Amino acid sequence: MKNISSLIVLLTASFVSAGLAHAAEDVSPIPTISEAWRFEITPYVWAPGIRGTLGLDSGLAKSASFNSSNVVSNLKSGGMLSAEAHKGNWGVMGDVVSATLQKTGVIPNTGNTVGDKITLQQTILTGMASYTVANTKDVYLDALLGARAIYATATLNASALGTASKTTSTVDPIVGAKGRYRIADSTWYVPFYGDIGSGGGTTNLTWQAMAGVGKTFGKLIDASLTYRALYYDMKEGGVLQKTTMLGPQVAVTFKF
């Protein structure tokens with residue numbers, strides 16, 4: 001009887017261990033390439049600080065600084081969403097960031113200082129085609145080719161002087177890579193993304209980078225906390241001149 005009990009315990013432990021291993025496989029954060037379509041929709045909140053110079057090129061002010069360590073407090077309206085679709089090794093992805101930021105107070109500009117309110121309205125659209133170049137138990141990597149479009153308007157309201165406004169729109173070709181690395185055979189992973197481009201007529205250089213930590217909750221939901229940076233250096237006449245948006249991002253991904 002003792003031997004039978006020991007055997008039952010051993011078999012039970014083996015089945016439990018196998019079940020846990022199988023469960024771990026089922027909730028792997030690494031996507032699996034297949035001929036069936038798979039989709040992801042990711043609403044997120046990105047709260048960057050902004051450092052840069054806004055080109056106005058008017059009689060009131062040639063340029064004005066927009067430096068903020070807390071965009072959330074300056075945010076008047078906005079929305080952020082990304083989506084992906086994959087079939088086999090090929091896929092497409094898109095990302096949209098739309099925000100209106102407003103800052104009041106003393107506004108430094110070329111030559112002297114004016115005030116008292118500056119507004120930055122921007123919509124950033126990124127569209128990419130992807131091809132999976134690595135898909136192992138621990139690593140997933142897509143090569144990216146596409147374009148980023150930006151529409152930006154800067155408006156300076158100066159006390160007793162008037163209003164200066166400038167709008168720029170540009171589309172830039174970009175190349176990049178994105179993926180994730182699984183941490184120690186767990187449901188935790190490191191998401192990463194990077195792209196670079198220029199040549200849109202208005203832009204000298206633009207790049208974007210992101211990395212952080214994420215966790216998979218079953219087959220339908222991922223959540224991540226990352227740090228994201230977006231840089232624009234536009235030519236003379238462009239609104240965003242050597243401007244960096246840098247800060248944390250919280251995202252929830254729905255998979256189906």
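This is a predicted model: local features need pLDDT of at least 70, side-chain atom pairs count only at pLDDT 80 or more; totals for chains, interfaces and linings use all residues.
Student: Which residues touch the most other members of the largest nonpolar core?
Tutor: They are Leu54, Phe66, Ile150, Val239, Leu240 and Met245, in a core of 26 residues. A nonpolar core is a set of buried Ala, Val, Leu, Ile, Met, Phe, Trp, Tyr and Cys residues joined through side-chain atoms within 4.5 Å. Buried means under 20% relative accessible area, exposed over 50%, and partly exposed in between (1.4 Å probe, protein chains only).

Student: Which elements give two or more residues to this core?
Tutor: Strands 1 (38–46), 2 (49–55), 5 (90–108), 6 (113–135), 7 (139–158), 11 (221–234) and 12 (240–255) do. Strand 7 gives the largest share, 4 residues. Helices (H or I, at least four residues) and strands (E, at least two) are DSSP runs numbered from the N terminus.

Student: What lies apart from that core?
Tutor: Another core of 6 residues does, with Met128, Leu144, Tyr193 and Met210 among them.

Student: And Met245, what does that residue touch?
Tutor: Leaving out residues up to four places away in sequence, Met245 touches Trp46, Pro48, Gly49, Ile50, Gln122, Ile124, Arg228, Ala229, Leu230 and Leu240. Contact means heavy atoms within 4.5 Å.

Student: Changing topic, what is the volume of the largest pocket, and which residues lie nearest its centre?
Tutor: The volume is about 490 Å³. The lining has 22 residues, of which Ser28, Ile30, Pro31, Thr32 and Lys255 lie nearest the centre. On a 1 Å grid over the protein atoms alone, a pocket is an open set of points where a 1.4 Å probe fits, with protein on both sides within 12 Å along at least five of seven lines; lining residues have an atom within 4 Å of a point. Grid points are joined across faces, edges and corners, and the volume is the space filled by probe spheres set on the points.

Student: Which element supplies the largest share of that lining?
Tutor: Strand 1 does, with 3 residues. Helix 1 (2–26), strand 1 and strand 8 (162–182) each supply at least two.

Student: How many salt bridges are there?
Tutor: A search of the whole structure finds 8, a salt bridge being a side-chain nitrogen of Lys or Arg within 4 Å of a carboxyl oxygen of Asp or Glu. In one of them, Lys178 pairs with Glu84, the closest N and O atoms being 3.0 Å apart. Lys178 is in strand 8 and Glu84 in strand 4 (residues 75–87), 94 residues apart.

Student: What about Asp222 and Lys255, buried or exposed?
Tutor: Both are buried, and their side chains meet in a salt bridge (2.9 Å, N to O). Asp222 lies in strand 11 and Lys255 in strand 12, so the pair ties together parts 33 residues apart in sequence.

Student: Which residue is linked with Lys137 and Asp138 in a network?
Tutor: Asp185 is, through salt bridges.

Definitions and conventions
Residues are numbered from 1 along each chain as its sequence is written. Side-chain values use heavy atoms; hydrogens and water are left out.
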